[in-house]
Amino acid sequence: MRIHPEVAAACEAGRPVVALESTIISHGLPRPRNLQAARDFEEILRKRDVVPATIALLDGEPHVGLDDAALERIALDDSVVKVSVRDLPVAMATGASGATTVAATAFLAARAGIRVFSTGGLGGVHRGASATFDESADLTTLAGTRITVVSAGVKSILDIPATLERLETLSVTVLGYGTDQFPSFWLTESGETLDWAVPDAAAVAAVMASNDALGRESALLVANPLPSDKQLDPRVHDEALRQALAEAERDAITGKDVSPYLLARIVELTHGSSLEVNLDIAANNITVGAEIATAWSARDR
């Protein structure tokens, strides 16, 4: 694993570092906007004196922290594949270049000694999983990875109540950031109430310290909703989701093809507005990640 010198120096000195995934760059946003977004995400952190550590595989080698040329490659190279934890050994052995999912990013970030990771939305239990057993590797990976993940809940295309039940079963601590309502990515609230809420980054850092003191190796999930005035219009969201789900069933879309189909179709049905909200979500979570990493750094010193 190659750790960028800036990231390595920051970790060694106890300065704040935030990990960022790369699938949003390679597969989550249209070109060439994805490259600008990747640069913007890192700049959010740098403006707050936090070191960004975007994670990806280049020619079979995991990289924790990318220079601009590597960012450009991940954003624009058609050969870049999506890599989860199970894919890492194969991608490494075959020399593949890949963008890391939430699970792979969390796994590699934790191995590099990074304690905070900001993403958009977490994967979870899919609708109909009682028959298909379709569940994201994000959940089981977080159960055994000591890292704090900031996300806007999980995407509303998933089964949110079932996802929260699985997180409880896996003993992943979920904290509402300034709220006891679990968000659903594009929407501020999902209708699910959380057991625990924290008011600020210092409180998250205190929970991180307690988690360490107990010797637990599981993640903390910080559920960070968008402000209600920035969420996708709930009526537009509900109609787009209803139509996308119906079309997926009509066209017999199944398995791993369901999520990308639904996400792409919702962008089309909302005339791009869901994509704009997606960018706001990522920026909001990165900002909160910076605050948590800074609070953790101050506490660690």
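Mentor: Glu 217 and Arg 146 form a salt bridge, with their closest N and O atoms 3.0 Å apart; the term requires a side-chain nitrogen of Lys or Arg within 4 Å of a carboxyl oxygen of Asp or Glu. Glu 217 lies in the loop between α10 and β13 (220-223) and Arg 146 in the loop between α8 and β8, so this pair ties together parts that are 71 residues apart in sequence. Helices (H or I, at least four residues) and strands (E, at least two) are DSSP runs, numbered from the N terminus.

Trainee: Before we continue, what kind of model is this?

Mentor: This is a predicted model, in which local features need pLDDT of at least 70 and side-chain atom pairs count only at pLDDT 80 or more, while totals for chains, interfaces and linings use all residues. Residues are numbered from 1 along each chain as its sequence is written, and side-chain values use heavy atoms, with hydrogens and water left out.

Trainee: Is Glu 217 buried, partly exposed or exposed?

Mentor: Glu 217 is partly exposed, at 46% relative accessible area. Buried means under 20%, exposed over 50%, and partly exposed in between, using a 1.4 Å probe and protein chains only. Arg 146 is also partly exposed, at 23%.

Trainee: Which other residues are linked with Arg 146 in a network?

Mentor: The network of salt bridges links Arg 146 with Arg 115, Asp 212 and Glu 217. Arg 146 and Asp 212 meet at 3.4 Å, N to O. Asp 212 belongs to helix α10 (residues 201-213) and Arg 146 to the loop between α8 (137-143) and β8 (148-151), so the pair joins parts 66 residues apart in sequence. Asp 212 is partly exposed, with 22% relative accessible area.

Trainee: How many salt bridges does the whole structure have?

Mentor: A search of the whole structure finds 17. One of them joins the side chains of Arg 39 and Glu 72, at 3.9 Å from N to O. Arg 39 is in helix α3 (residues 33-46) and Glu 72 in helix α4 (residues 68-76), so this bridge ties together parts 33 residues apart in sequence.

Trainee: Staying with α4, which of its residues are buried?

Mentor: In α4, Ala 70, Leu 71, Ile 74 and Ala 75 are buried. Seen down the axis of α4, the buried residues fall within an arc of 135 degrees, so they line one face of the helix; the arc is that of the directions from the helix axis to the C-beta atoms.

Trainee: What covers that face?

Mentor: The cover over the buried residues of α4 includes α2 (23-26), α3, β3 (51-58) and β6 (98-100). Leu 66, in the loop between β4 (61-64) and α4, is buried at 8% relative accessibility. Leaving aside neighbours within four places in sequence, Leu 66 is in contact (heavy atoms within 4.5 Å) with residues including His 4, Glu 42, Leu 71 and Ile 74.

Trainee: Finally, the backbone. Which residues does a cis peptide bond join?

Mentor: A cis peptide bond joins Arg 31 and Pro 32, with omega about -5 degrees. Pro 32 is in the loop between α2 and α3.
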